[in-house]
Amino acid sequence: MTSVIIAVVACGLLAFALFTVQEHRKDTAKPADYAAALRDKGFATTHTRTPRAPRDPYPNQATTGLVVHPNRTVGLYDAPAGKPFAKLNPMEFGDSWFPAIARAGGWLQIMLPSKPNGSTGWVRAGLMATGHTPYVIRVHLKSTQLELYKDRILMGAWRVAVGAPKTPTPTGRTFVLGQFTDPAQSFSPVILPLGTHSATLDSFGGGPGTVAIHGWNDPKVFGHAVSHGCVRVPKEALFQLRQVPIGTLVMIDGN
């Protein structure tokens, strides 16, 4: 993790998403209900904390690849037709896409980028555009290896650098929250912030401690636990990773 990553979080620089399927559903929410869901509620972003958000019930399981994008600002609920606890913005690093992990009637449970790690929320399916990503990124901390899969087929595996013992990379499932470039730095031509945060750094470089995948100039770091929590990858890995859609699942384990 670097101070540049956190500094750029607030800049809202350009990100992009590529999907094999995209569908816009009709908005079926009642105006009165929709207004009530948003009243006096803060946003769930990489900068915020959502203590009332339900925790991810299956943090070690892969998803179906379904990802969703809010057509407008929507309410987040603690259960299907439950109590609203926050709002979700269509954009953070450009358009935001979130992995769906469960469905109940006209509701979808999605992963969130807010603290604490593993936060989720329920949204009305009718307010969301849907897409599909065939990719999964897996990071193994002990073996310092990153693997990229497409349709369950291994596309590449690389030795990477992960968080140092005092600033470990958090485990569990998260997702690619965005993608941006920052001409003010030279260590990585592109940075992929994730929907997870450092467990030991409440803030870093003036930001919220967002963990990211990015490149690194010195190849000697690969294979070692030396970062502030981010995953540093070689050039060839970054070239392939930047092709994956926003919202792609990232599985991080201690193996």
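A residue is called buried when its relative accessible area is under 20%, exposed when that area is over 50%, and partly exposed in between, with a 1.4 Å probe and protein chains only. The model is predicted, so local features need pLDDT of at least 70 and side-chain atom pairs count only at pLDDT 80 or more, while totals for chains, interfaces and linings use all residues. Residues are numbered from 1 along each chain as its sequence is written, and side-chain values use heavy atoms, with hydrogens and water left out.

The chain has 255 residues, of which 55% count as buried. Its accessible surface is about 11,100 Å², and carbon and sulfur atoms account for 55% of that; such areas come from the Shrake-Rupley method with a 1.4 Å probe, and for residues only the protein chains shown count as cover. The secondary structure consists of 3 helices and 20 strands. Helices (H or I, at least four residues) and strands (E, at least two) are DSSP runs, numbered from the N terminus. A contact is a case of heavy atoms within 4.5 Å. Among contacts in the chain with a separation of 6 or more, 70% involve residues 24 or more positions apart.

The interior comes next. In soluble globular proteins, nonpolar side chains tend to be buried together. A nonpolar core is here a set of buried Ala, Val, Leu, Ile, Met, Phe, Trp, Tyr and Cys residues joined through side-chain atoms within 4.5 Å. The largest such core has 29 residues, and Leu76, Leu88, Ile110, Leu112 and Val123 have the most contacts inside it. At least two residues of this core come from each of strand 3 (74–77), strand 4 (84–88), strand 7, strand 8 (107–111) and strand 20 (249–253). Leaving aside neighbours within four places in sequence, Leu112 is in contact with Ala44, Ala53, Leu76, Phe85, Leu88, Ser119, Thr120, Gly121, Phe175 and Gly195. Apart from this core lies another, of 27 residues, including Ile137, Val176, Val190 and Val250.

Val139 belongs to strand 11 (residues 135–140) and is buried, because its relative accessible area is 0%. Not counting residues up to four places away in sequence, Val139 touches Gln145, Leu146, Val162, Val231, Val250, Met251, Ile252 and Asp253.

How many aromatic pairs does the chain have? The count is 4, where rings of Phe, Tyr and Trp (its six-membered ring) pair if their centres lie within 6.5 Å, and planes under 30 degrees apart count as stacked, over 60 as edge-to-face and the rest as tilted. One of them joins Phe98 and Phe175, whose ring centres are 6.0 Å apart and whose planes meet at 65 degrees, so the pair is edge-to-face. Phe98 is in strand 7 (residues 98–104) and Phe175 in strand 15 (residues 172–175), 77 residues apart, and the pair thus links distant parts of the chain. Phe98 is buried because its relative accessibility is 2%; Phe175, at 0%, is buried too.

Phe187 and Trp216 form a tilted pair, 5.6 Å centre to centre with 45 degrees between the planes. Phe187 lies in the loop between strand 15 and strand 16 (191–197), and Trp216 in the loop between strand 17 (210–215) and strand 18 (225–227), so the pair ties together parts 29 residues apart in sequence. Phe187 is buried at 12% relative accessible area, whereas Trp216 is partly exposed because its value is 24%. Arg232 lies over the face of Trp216, 3.7 Å from the ring centre; the criterion is NZ of Lys or CZ of Arg within 6 Å of the ring centre and within 35 degrees of the ring normal.

The whole structure contains 1 salt bridge, defined as a side-chain nitrogen of Lys or Arg within 4 Å of a carboxyl oxygen of Asp or Glu. Asp56 forms a salt bridge with Arg173, and the closest N and O atoms are 2.7 Å apart. Asp56 lies in the loop between helix 2 (31–38) and strand 2 (66–70) and Arg173 in strand 15, so the pair ties together parts 117 residues apart in sequence. Asp56 is buried at 11% relative accessibility, and Arg173 is buried at 9%.

The backbone remains. Most residues other than glycine have a negative phi, and most peptide bonds are trans. Lys115 and Pro116 are joined by a cis peptide bond with omega about -5 degrees, and Pro116 is in the loop between strand 8 and strand 9 (120–124). Ala81, in the loop between strand 3 and strand 4, has a positive phi of about 55 degrees and is exposed at 61% relative accessible area.
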